[in-house]
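Student: Could you walk me through this model, one question at a time?
Tutor: Gladly, let's take a look.

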Protein chains: 2
Amino acid sequence: MGPYVPVNKFSTNGREPSDYDNQAMMIPDQIDDMGEKRILVEQDFAVVEVEPKDEESCAAERLHHLTKIVTQFQDHLRERASNHLGYPGNHNCSHYLALSTLLQFNINNAGDPFKESDHGLHSKKFEVGVLDWFAQLWGIDKDEYWGYVTNGGTEGNLHGILMGRELLPNGILYTSQESHYSMFKIARMYRMDCGTIASLATGEMDCNDLRDKLLINKDRPAIINVTIGTTFKGAVDNLDLVVQTLIDCGFSDNQFYIHCDAAISGFVVPFLKQVQKFTFKKPIGSVSISGHKFLGCPMPCGVLITRRRYIDLISRNIEYIASFDTTIAGSRNGHSPVFMWYVLNLKGWRGLEQDVQKCLRNARYLRHRLKKAGISSMLNEMSITVVFERPPDNEFVRHWQLQCLENMAHVVVMPHVTVEMLERFLSDLIRKRNTWYGKVQPPCLAEDIGICNCACPVHACKCKN
Amino acid sequence: MGPYVPVNKFSTNGREPSDYDNQAMMIPDQIDDMGEKRILVEQDFAVVEVEPKDEESCAAERLHHLTKIVTQFQDHLRERASNHLGYPGNHNCSHYLALSTLLQFNINNAGDPFKESDHGLHSKKFEVGVLDWFAQLWGIDKDEYWGYVTNGGTEGNLHGILMGRELLPNGILYTSQESHYSMFKIARMYRMDCGTIASLATGEMDCNDLRDKLLINKDRPAIINVTIGTTFKGAVDNLDLVVQTLIDCGFSDNQFYIHCDAAISGFVVPFLKQVQKFTFKKPIGSVSISGHKFLGCPMPCGVLITRRRYIDLISRNIEYIASFDTTIAGSRNGHSPVFMWYVLNLKGWRGLEQDVQKCLRNARYLRHRLKKAGISSMLNEMSITVVFERPPDNEFVRHWQLQCLENMAHVVVMPHVTVEMLERFLSDLIRKRNTWYGKVQPPCLAEDIGICNCACPVHACKCKN
């Protein structure tokens with residue numbers, strides 16, 4: 001096969017055709033030594049060199065071939081987005097096409113967003129407009145905050161925890177076992193002691209366990225990560241109870257630092273009435289949120305906001321480093337602040353609220369239908385994440401792009417998830433369950449999501465929740 | 001002024017008109033307490049909320065207004081790109097418009113690029129295609145390397161140095177004083193001892209100083225950052241001499257780790273004949289390069305390549321963390337690997353070589369013209385960065401977007417820099433110098449770039465270089 005024979009590389013790649021061939025699988029299963037599937041790169045995805053003598057004659061054909069692969073890739077992405085249920089990304093992104101001509105510019109917001117640079121190709125005015133919006137949302141005055149648009153939730157966490165460590169160098173990082181894995185990676189990177197706190201069946205941090213662990217190390221400051229929306233169950237840690245626990249254990253204001261990781265539910269919680277808010281009116285040090293999740297920016301991005309006085313303090317202490325740059329990344333994406341600015345302006349507060357209400361409604365609908373079908377499931381009060389029994393069929397999991405953990409799978413009901421998509425999913429699930437659970441029984445999920453949410457033969461009759 | 005009165009926010013903003021008003025300054029100078037210019041956000045860049053009652057009637061006007069601002073921003077970027085000389089970014093980016101429809105997709109390459117994910121909206125095949133190309137360029141077999149597409153040079157450095165520290169936990173980080181500032185930031189983040197090595201007038205690491213510092217700490221492993229293109233002078237550290245110095249000081253293979261930061265000159269050096277190469281055939285541990293600099297990807301990105309056996313070793317040691325994700329970022333931009341794949345295929349090795357030759361030729365031309373005009377200047381052998389005396393005129397510096405350090409300024413002759421642009425720059429510079437240096441003399445740069453490159457009244461006649 002010559003390098004320019006056009007073939008659809010997102011097709012079945014020689015597998016047996018299956019139920020889900022409309023998903024235009026781009027990946028044939030290749031299992032490595034560790035039992036994991038590995039990416040296999042065919043010729044089309046390689047960078048192909050052309051002989052100098054053929055260069056001119058090949059140019060048009062080469063361009064045509066590249067365009068064809070990208071077009072096929074887009075068809076594949078379109079199909080995958082239409083069956084995307086298990087990851088916290090919003091795939092309603094077509095409005096960003098209005099910004100597509102920006103791709104002809106190499107835009108770099110290097111360094112501090114508030115500092116003008118002689119480098120003229122940046123979008124820092126858009127960035128500061130976005131930051132101001134988040135500062136207002138989180139109750140901190142314009143001249144009191146500092147922040148920047150990050151490459152995603154992990155960079156926000158990296159910055160927030162670094163702030164805590166620089167302010168309290170001997171501090172221990174406390175984070176719940178259900179917090180994002182980046183926390184444990186960060187503790188390792190930063191050479192910090194890390195206390196893992198147990199969680200409740202809801203996924204929320206167990207503040208009794210936090211108390212016990214704080215008391216064991218009363219002589220060392222506490223850097224606490226509070227998760228606003230855990231990765232798997234969408235649980236929101238109880239910020240007020242965390243603060244109360246610190247006070248009860250005798251920690252004064254200058255002995256603790258709280259970072260809020262709001263990557264998952266940061267856009268949901270502010271719209272819920274009668275729910276405790278995370279805000280800088282409370283003794284928190286930083287908040288990090290993602291822009292590619294609920295907001296649906298086309299590439300990973302996010303926002304980190306902290307108190308300006310902390311940045312000023314650290315800048316004085318480590319003058320050489322901070323005088324250049326107080327961000328983690330250095331060179332920073334100048335497109336993503338424009339995306340965020342655009343979508344926030346386009347939707348406005350009311351548009352976002354409508355998205356949140358729709359997602360909450362659809363999540364409750366899904367949970368209701370699962371329950372009615374006798375399937376173990378759970379939905380936290382402030383969450384759009386529906387947890388249920390893990391399907392024992394990898395092809396099904398891959399088709400619906402479900403995220404799985406132990407006995408559980410989940411659907412994150414993002415704005416692109418329609419009732420029609422949920423109906424297709426439910427009908428497929430209920431039909432397949434008849435074949436999965438002919439002879440064997442569905443798993444018991446009592447330990448994972450609580451007895452009341454478990455619909456296994458043992459617990460189904462015991463609870464009428 | 002109502003929120004939707006269209007005004008060009010990239011205009012002079014009430015400043016006195018100047019020579020450079022065609023640069024459509026988006027920033028009025030606002031000086032803060034620290035004497036630094038700060039970004040001032042006018043109404044147009046804020047996120048504006050509309051009253052619910054006006055929502056429907058405003059929708060079209062709102063969209064029109066947003067589009068207008070983005071269009072003005074593009075005009076501003078176009079003008080800035082046409083006078084962009086001092087930062088190492090290539091602004092020949094119009095070919096990326098062919099990929100603009102990808103912006104309607106939220107693409108995330110979360111985690112390891114070689115591991116398939118149930119999350120279907122990723123571009124890992126393109127990513128691995130790109131990684132394979134770099135692996136081949138840097139002399140390491142497909143099954144010997146591991147790597148990923150990063151968010152830029154700093155993330156590559158973060159990963160490379162972390163590898164070194166995890167392999168040699170008690171290691172000292174050695175890096176030259178002219179290496180990128182991220183190195184000093186990283187040492188602080190990772191709580192590593194850092195030895196700053198002196199540099200020569202060329203900007204290259206002084207291996208005599210390295211030897212002295214290695215000998216003082218012979219009992220501790222060495223993690224060495226070798227810079228392939230320093231930020232300011234475009235100097236290339238002498239990798240072979242660094243390795244020889246380590247051997248001379250009695251460091252065996254398992255007592256050192258070398259990371260190569262090739263952000264600046266990584267694409268230039270491989271095309272130079274009779275120049276020592278950085279390659280995995282030599283005892284290096286990792287290489288990091290940028291994709292938004294010479295390659296001109298529209299947003300910060302890069303590539304990190306390391307030895308797979310190191311990643312496997314670390315994965316076993318920190319199983320919990322690594323089993324999820326061996327990257328720094330976690331969620332990763334799925335667009336940038338497609339950009340890199342596209343431009344590498346479009347240009348091919350020959351196209352890149354032509355770009356490099358053109359840049360070297362233009363850099364030599366600029367250096368020749370500066371010298372002829374009696375202006376202190378320097379151009380390293382393997383470099384496209386021309387260093388010269390710092391213009392004492394901030395408006396001039398801002399117009400041409402020059403990067404300055406102490407007495408020096410520089411131009412990085414990237415592929416978008418044409419002879420025509422250089423002529424405009426030279427003519428402006430030479431004309432302005434007559435007004436700058438009427439009564440005072442130009443600065444002496446002998447200490448900064450060497451006596452032979454200095455054209456100040458004292459040194460001009462002494463050297464005929």
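**Around one threonine**

Tutor: To start us off, the side chain of B:Thr327 comes to 3.2 Å from the backbone nitrogen of B:Gly330. This is a predicted model, in which local features need pLDDT of at least 70, side-chain atom pairs count only at pLDDT 80 or more, and totals for chains, interfaces and linings use all residues. Residues are numbered from 1 along each chain as its sequence is written, chains are lettered from A and ligands numbered from 1 in the order in which they are written, and side-chain values use heavy atoms, with hydrogens and water left out.

Student: Is B:Thr327 buried or exposed?
Tutor: Buried means under 20% relative accessible area, exposed over 50%, and partly exposed in between (1.4 Å probe, protein chains only). B:Thr327 has 1% relative accessibility, so the residue counts as buried.

Student: Which residue of chain A is in contact with B:Thr327?
Tutor: Contact here means heavy atoms within 4.5 Å. Leaving aside neighbours within four places in sequence, the partners of B:Thr327 include B:Trp146, B:Tyr148, B:His159 and B:Arg332. From chain A, the list holds A:Lys185.

Student: Why do the copies meet through the same surface?
Tutor: Compare the interface residues of chain B with those of chain A. The copies share that surface because the interface residues of chain B are also interface residues in chain A for 99%.

Definitions and conventions. A polar contact is a pair of N or O atoms within 3.5 Å; within protein, one must be able to donate a hydrogen and the other to accept it, and residues adjacent in sequence count only if both atoms are side-chain atoms.
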